[in-house]
Amino acid sequence: MKVEIWSDVMCPWCYIGKRKFEKALEQFPQKDRIEVEWKSFQLNPDMETDPDRSIVEYLIEAKGITSDHATQMLDHVTSIAEEVGLEYHMDKTVLANSFDSHRFIQFAKKNKLGSAAEEALFHAYFTEGKNTADHDVLADLGTKIGLEATDVKNVLTSNQFAEDVRKDVYEAQQVGARGVPFFVLDRKYAVSGAQQTETFLGALQKSFQEWEKENPAPLLTYAEGDSCTTDGNC
């Protein structure tokens, strides 16, 4: 059964939601039958990459709030991240347009490394304070998850996977995602936001029960021959 997750690299709740979902999946008996696909979503497609501008300055301007309020917001999400084992350094966050990082994810997905790419990007952005719009940074992350740096740079200096990103963004609108993280299970059930692990587990159980009814395991036709059985008879 497929679970699609729309997220953006610059979304702190997406990394938290990833951890909570992973904990639910770990508890799910049929986890080996779950296919997770990460989907692109841009919270601010017009954002200009600016390593010299702080996240506090961005929040003050974007949300019209005070510096104290912005700091409180960042402290709150940092404390929630700690509860799921994540270490956020929001003061080091580099404001970066996420389009190229999404193209990087799409390239990684093609090589069955989508989840690894998401994890690497989230850690680079929130923990290490790296510029995730920088092609050298993305190439370095690529090598860490099993991609060739040259291949990553070739993708990023071209227009490859741009349409894949736009397609994901369009699909997000079709399934009703107005924010991220947004989890869609078997294209029937949706979970919005970084919900508790129990909520994710319940959604997995319900959707999988229905999916399994519609996709029963095939009955095998086989010929019998000499063999050994679990009771020791050979």
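Analyst: In this predicted model, Lys 109 and Glu 37 are both buried, and the two residues form a salt bridge in which the closest N and O atoms are 3.2 Å apart.

User: Why is the contact of Lys 109 with Glu 37 called a salt bridge?

Analyst: The term requires a side-chain nitrogen of Lys or Arg within 4 Å of a carboxyl oxygen of Asp or Glu. The closest N and O atoms of Lys 109 and Glu 37 are 3.2 Å apart, so the pair meets that cut-off.

User: What makes Lys 109 and Glu 37 a link between distant parts of the chain?

Analyst: Lys 109 lies in helix 4 and Glu 37 in strand 2 (residues 35-40), and the two are 72 residues apart. Both also belong to a network of salt bridges, in which Lys 2, Glu 4, Glu 37, Lys 39, Lys 109, Asp 168, Glu 171 and Arg 187 are linked. The structure holds 22 salt bridges.

User: Which salt bridge does Glu 22 form, and how do you know how many helical turns separate the partners?

Analyst: Glu 22 forms a salt bridge with Lys 18, with the closest N and O atoms 2.4 Å apart. The two residues are 4 residues apart in helix 1 (residues 12-27), which means that about one helical turn separates them.

User: Is Lys 18 buried or exposed, and what is Glu 22 called?

Analyst: Buried means under 20% relative accessible area, exposed means over 50%, and partly exposed lies in between. Lys 18 has 4% relative accessibility and therefore counts as buried, whereas Glu 22, with a relative accessible area of 31%, is partly exposed.

User: What are Lys 130 and Glu 128 called on that scale, and what joins their side chains?

Analyst: Lys 130 has a relative accessible area of 24% and Glu 128 has a relative accessibility of 34%, so each counts as partly exposed. Their side chains meet in a salt bridge, at 3.6 Å from N to O, a value that falls within the 4 Å cut-off.

User: Why is helix 4 called roughly perpendicular to helix 8?

Analyst: The axes of helix 4 (residues 99-110) and helix 8 (residues 162-174) come within 9 Å and cross at roughly 100 degrees. Angles of 65 to 115 degrees count as roughly perpendicular, and therefore helix 4 is described that way relative to helix 8.

User: Which residues make the contact, and of which class are they?

Analyst: Helix 4 contributes Phe 99, His 102, Arg 103, Gln 106 and Lys 109, while helix 8 contributes Ala 162, Asp 164, Val 165, Arg 166 and Asp 168. By class, the contact has 3 nonpolar, 2 polar and 5 charged residues.

User: How do you know on which side of helix 2 its buried residues lie?

Analyst: The buried residues of helix 2 (residues 55-63) are Ile 55, Val 56, Tyr 58 and Leu 59. They cover an arc of only 160 degrees around the axis, so they lie on the same side of helix 2. What covers them includes helix 3 (67-83), and just after helix 2, Gly 64 takes a positive phi of about 65 degrees.

User: How many helices and strands does the chain have, and what share of its residues is buried?

Analyst: The secondary structure comes to 9 helices and 4 strands, which follow the pattern β-α-β-α-α-α-α-α-α-α-β-β-α along the sequence. Of the 234 residues, 47% count as buried.

Definitions and conventions
Residues are numbered from 1 along each chain as its sequence is written. This is a predicted model: local features need pLDDT of at least 70, side-chain atom pairs count only at pLDDT 80 or more; totals for chains, interfaces and linings use all residues. Side-chain values use heavy atoms; hydrogens and water are left out. Buried means under 20% relative accessible area, exposed over 50%, partly exposed in between (1.4 Å probe, protein chains only). The arc is that of the directions from the helix axis to the C-beta atoms. Contact means heavy atoms within 4.5 Å. Axes are lines fitted to C-alpha atoms, for helices over the stretch in contact, and angles run from 0 to 180 degrees between N-to-C directions. Angles under 35 degrees count as roughly parallel, over 145 as roughly antiparallel, 65 to 115 as roughly perpendicular and the rest as oblique. Ala, Val, Leu, Ile, Met, Phe, Trp, Tyr, Cys and Pro count as nonpolar, Asp, Glu, Lys and Arg as charged, and the others, Gly among them, as polar.
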